[in-house]
Amino acid sequence: MGVSWRKPSVYVPSSDGSGGWARVRWLLPLLPIAVFLICWQVLSDANLISRSLFAAPTQVVDELVALHFRELPTRSLLLSHIAATLKRLLVASFIGILSGTLGGVFIGTRRGLYRFFDPLITLFMPIPGIALAPLFIIWLGFGDPTIIAVGSIAAFFPLVYNTAAGVRSIDPQLVRAAHIMGASRTAVLFDVYLPWAAGHVLMGVKLGLARCWRTIVAVEFVAAASWGLGYMIWDAAEYLRAGGVYGGIALLVVIYLVIEKGLVNTLEKYTVEKWGIVRR
Amino acid sequence: MRVGVDQERLEGMSPRKRVNRGLIRAREFLFPFLVVGLSWELLVRFQVIGLRTLPPPSAILVEFWDLVWNKGVLIHHLSRSLYRLTIGYLLAVGLGIAVGTLLAVRKTLREMFMPILSMLISVPTIAWVPVLLITIGLGDNTVVTAIFLGGFFAIAYNTMRGIEMVNKDQVNAARLMGVSGVKLFASVLLPGSLVSIITGLRLGIGYSWRALVGGEMLSALVEWGIGKMIYQARFWNSVAVMFVGLMVISVSGLLLDRVLLKWLEKETVERWGMLAER
């Protein structure tokens, strides 16, 4: 039965004599992944699972390497796909985050506006981005404009929602105090509202980036003309190149982890933690 | 909890007052849509927006009525979607709670599988669809599996977190009194972690709903479904049908969340009330 709470962990120091075990314990998480990959490889080498449906790990690597080298003197196909997706992510999330934050501050500081826009946001926010794709394909055609438009809409809503919530949660006394002490409107906005709402805004940035990323990949499945990770995966699936599909998905995971751990956490460190308002 | 307070306030009111309050709320909720719809209609009518492909709201409503009544296909699309959602989501709930509990209770299992789990969580649900298309096929099963995967990870993760945060003293006390196994889960762990589990269920239904729409759009052999309706509308350039589809998706997504949330949260409030009486 459950081991974890039989002895209260507080009384057990982390290095209680079992030093050797503790030293290799961090390897434990890697073990199942390694076992999984090795089993996969062995099973498909023995033709027990279909290579065309579940590409073996070596096949996946081969496919990605081949994609990288195919037209290499002029360009790397693999890196071009990645660059196309990242460029779209950059532009779309910039538009979405900026307009979402501004919109959130705008409607969050005015009670009437908030009551007007709240129902609209509630109803539009849950619409999945990919459902908007056909509409925007008709309006903007295949390719970048559609993908970026849908991606920025996806990033916009979490930002507007969270920023408005953050701005509304401010203690009115603080705003009044700042006004009494002679702060101008812009000063109040930047020195009172934004730092106060920074935790919320950052939460919105996290959610918005994640949504933007997902949506861009999804829309690339249906609306990309010739580049992008989503296009690469979709193309591989159409021609039943399983290696390309799994490789593309692995790339999606790795790139997103880098973005989240690297970018968002750094941002958090330099803004919210510096101002000392991290909520735990 | 805000809902709890609302509930109390509602209970003290006379039925008539309650209806009035509901009406005021509904009016407040619908007013913005009326304003937006009217101004959109006027802008299109007076050709301020000259987009050939942007129909006025009146045309969309006519199309809606057409799809509901004259052609009668909307109900069919929606019921197929809801049928898939029910199967996939229930699977996700069952397995998600089971796996989450297992990972929370067994420390070794958690340390072994957390890395794989957190890796799989960060795969966008929609990215599973191409994999499923080549392994499972182009039909219904792919969509249902996508729905399942969408909900499963959120539910499993939140269940695990919730059970980890259950008061250890209560668990130890229950153990001392000889409670273990399924009974321990049902009478200590589950009530103690219900808030977190419900968060997982809400997140899960959102992800599942999104996976449903995406899966239907991408699976070639699926003929009916609300996502398919939007996707097919592209081939005859009928923007009005797309707007009807988007409307249905957003309203039913919201209703699912609100109805499910309301019901479940009432259950928790009741459970808490029961606990307080003891």
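This briefing describes the fold of chain B, the contact between chains A and B, and two local features of chain A. The structure is a predicted model. Chain B contains 11 helices and 0 strands, and its contact with chain A takes 47 residues from chain A and 50 residues from chain B.

**Chain B: overall fold**

- From the N terminus on, the elements of chain B run α-α-α-α-α-α-α-α-α-α-α.
- Of the 278 residues in chain B, 35% are buried.
- Among contacts in chain B with a separation of 6 or more, 74% join residues 24 or more positions apart.

**Chain B: packing of α4 and α7**

- Two packed helices are described by the angle between their axes and the distance between the axes.
- For helix α4 (residues 73-105) and helix α7 (residues 140-164) of chain B, the axes come within 6 Å and cross at roughly 30°.
- The crossing of α4(B) with α7(B) is right-handed, and the residues of this contact comprise 21 nonpolar, 6 polar and 3 charged.

**The side of chain A that touches chain B**

- The contact draws 47 residues from chain A.
- At least two residues of this side are supplied by each of α2 (30-45), α5 (111-124), α6 (129-140), α9 (185-223), α10 (229-238) and α11 (242-270) of chain A.
- The largest share, 8 residues, belongs to α5(A).
- By residue class, the side of chain A that touches chain B divides into 42 nonpolar, 3 polar and 2 charged.

**Helix α3 of chain A**

- Helix α3 (residues 57-69) of chain A has 13 residues and should span 18 Å at 1.5 Å a residue; the distance of 19 Å between its end C-alpha atoms agrees with this.
- Its buried residues are Q59(A), V60(A), E63(A) and L67(A).
- These residues lie on the same side of α3(A), because they cover an arc of only 105° around the axis.
- The cover over the buried residues of α3(A) includes α4 (77-108) and α11 of chain A.
- V65(A) and F69(A), on the other side of α3(A), are exposed.

**Backbone at L240 of chain A**

- Most residues other than glycine have a negative phi.
- L240(A) is not a glycine, yet has a positive phi of about 55°.
- L240(A) is located in the loop between α10 and α11 of chain A.
- L240(A) counts as exposed because it has 12 C-beta neighbours inside 10 Å, and the cut-off for an exposed residue is 12 or fewer.

Note on methods: Residues numbered from 1 in each chain as written. Chains lettered and ligands numbered in written order. Predicted model: local features only at pLDDT ≥ 70, side-chain atom pairs only at ≥ 80, totals over all residues. Axes fitted to C-alpha atoms, helices over the stretch in contact; angles between N-to-C directions. Helix = DSSP H or I, 4+ residues; strand = E, 2+ residues; numbered from the N terminus. Left-handed = near helix turned anticlockwise from the far one by under 90°. Nonpolar A, V, L, I, M, F, W, Y, C, P; charged D, E, K, R; others polar. Contact = placed C-beta atoms within 7 Å. Buried ≥ 20, exposed ≤ 12 C-beta atoms within 10 Å, placed from the backbone. Expected span 1.5 Å × (residues − 1). Arc of directions from axis to C-beta.
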